[in-house]
Amino acid sequence: MSKGVVIVTGASRGIGRACALQAAAKGYAVVVNYTANQVAADEVVDAIVHASGQAIAVKGDVAEEADVLAIYAAADKLGPLVGLINNAGVVDLRARVEDFSAARLHRMMAINVIGSILCAREAVKRMSTKHGGKGGAIVNMSSAAAYLGSPNEFVDYAASKGAIDSFTIGLAKEVAAEGIRVNAVRPGLIDTDIHASAGAPDRVVQFRSAIPMQREGSADEVAKAVLWLLSDDASYSTGTFITVSGGR
Ligand code: NAP
């Protein structure tokens, strides 16, 4: 018998994958969402099931409302929703603001901002006591970029994470009396595939010395903060942030 269902968006790789594995180890039934990489998502599900946990892989682009509804329909079949780890997010190639195309900006905001808000909307509909739910927790994935600004790399990405911070504060206040806590984690430089997506596979090595701890973080270190915020141990925390950035 699971502790209830947790949806992890973007759970096939990186930080989402680590969150899915840790959530399953804590007894949640996990929806492993991915958008393209089915092999990687299936590997996460296999690892969870092999460890006697419960998980399903569900393909879906969080920027597409129909896909978000399908992800939640699949989750509803698994059991009652108790949490959302709103993790899916993208960067783009390093560029200065004057070189940004409108298409780039629309994609970034559609996935990182609108996708996160749509996923949270569906979670609220299911978990809010106002709608007959039993409460729950949402953890949004922000970034240290929200306060660093990421000049000369991806100011658009930083702005999308700034939006996630404001959304976290506002939604937390909106649903605080309805049994739902909403918090966010702000990772710093974490060793995942995302840097290669920005055309900079060596970015972690390049920026390591700028971190006060002189090292990058791991997806597991971020997931530990996420799982704490998701848990009842964080029962009086809402609308707040944990920065996991080695001091930067
Ligand atoms: P990653 O290694 O690139 O993994 C991205 C994950 O998101 C993959 O599972 C991917 O699925 C999924 N995904 C991408 N677009 C999606 C969409 N439209 N709908 C649903 N899923 C989608 O990224 P990561 O480094 O783990 O980053 C995860 C989150 O942490 C992001 O929100 C990112 O902004 C944030 N973050 C990362 C860092 C860092 O240094 N790594 C720092 C701060 C914040 P597929 O496998 O199917 O492509």
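Start by selecting helix α1 (residues 14–25) together with helix α2 (residues 38–50): their axes lie 10 Å apart, and the two helices pack at an angle of about 20°. Keep in mind throughout that this is a predicted model. Angles under 35 degrees count as roughly parallel, and α1 and α2 are therefore roughly parallel to each other. Their crossing is right-handed.

Now show side chains at this contact. From α1, pick Arg17, Ala20, Leu21 and Ala24; they meet Glu43, Val44, Ala47 and Ile48 of α2. Coloured by class, the residues of this contact come out as six nonpolar and two charged, with no polar ones.

**Next stop: α1 and α9**

To see what touches what, select Gly14, Ile15, Ala18, Cys19, Gln22 and Ala23 in α1. Their partners in α9 are Ala219, Asp220, Val222, Ala223, Lys224, Val226 and Leu227. By class, the residues of this contact divide into nine nonpolar, two polar and two charged.

**Over to α3 and α4**

Select helix α3 (residues 65–78) and then α4, residues 102–127. The axes of α3 and α4 cross at roughly 35° and come within 10 Å, and α3 passes α4 in a right-handed crossing.

On the α3 side, highlight Glu65, Val68, Leu69, Tyr72 and Asp76; on the α4 side, highlight Leu118, Cys119, Arg121, Glu122, Ala123 and Arg126, which they meet. Six nonpolar and five charged residues make up this contact, and no polar ones.

**Into the largest pocket**

Rolling a probe the size of a water molecule over the atoms shows where empty space is left. The largest pocket holds about 1100 Å³ of space. To centre your view on it, select Gly89, Val90, Val91, Tyr157 and Ile194, which lie nearest its centre among the 48 residues of the lining.

Which elements give two or more residues to this lining? You will find α1 and α4 again, along with β2 (29–34), α5 (145–148), α6 (155–175), α7 (194–197) and α8 (203–207). Coloured by class, the lining has 22 nonpolar, 18 polar and eight charged residues.

**The second largest pocket**

Move on to the second largest pocket, with about 230 Å³ of space. Its lining can be picked out residue by residue: Lys3, Tyr28, Val82, Lys134, Gly135, Gly136, Ala137, Gly179, Arg181, Leu230, Ser231 and Asp232. The classes here are four nonpolar, four polar and four charged.

**Last stop: two backbone angles**

Finish by switching to a backbone view. Most residues other than glycine have a negative phi. Select Asn152, in the loop between α5 and α6: its phi is near 65°, a positive value in a residue other than glycine. Then go to Gln214, in the loop between α8 and α9. What is the phi of Gln214? Here too you will read a positive value, near 65°.

Definitions and conventions: Residues are numbered from 1 along each chain as its sequence is written. This is a predicted model: local features need pLDDT of at least 70, side-chain atom pairs count only at pLDDT 80 or more; totals for chains, interfaces and linings use all residues. Side-chain values use heavy atoms; hydrogens and water are left out. Axes are lines fitted to C-alpha atoms, for helices over the stretch in contact, and angles run from 0 to 180 degrees between N-to-C directions. Helices (H or I, at least four residues) and strands (E, at least two) are DSSP runs, numbered from the N terminus. Angles under 35 degrees count as roughly parallel, over 145 as roughly antiparallel, 65 to 115 as roughly perpendicular and the rest as oblique. A crossing is left-handed if the near helix is turned anticlockwise from the far one by less than a right angle, and right-handed if clockwise. Contact means heavy atoms within 4.5 Å. Ala, Val, Leu, Ile, Met, Phe, Trp, Tyr, Cys and Pro count as nonpolar, Asp, Glu, Lys and Arg as charged, and the others, Gly among them, as polar. On a 1 Å grid over the protein atoms alone, a cavity is a set of points where a 1.4 Å probe fits but cannot get out, and a pocket is an open set with protein on both sides within 12 Å along at least five of seven lines; lining residues have an atom within 4 Å of a point. Grid points are joined across faces, edges and corners, and a volume is the space filled by probe spheres set on the points.
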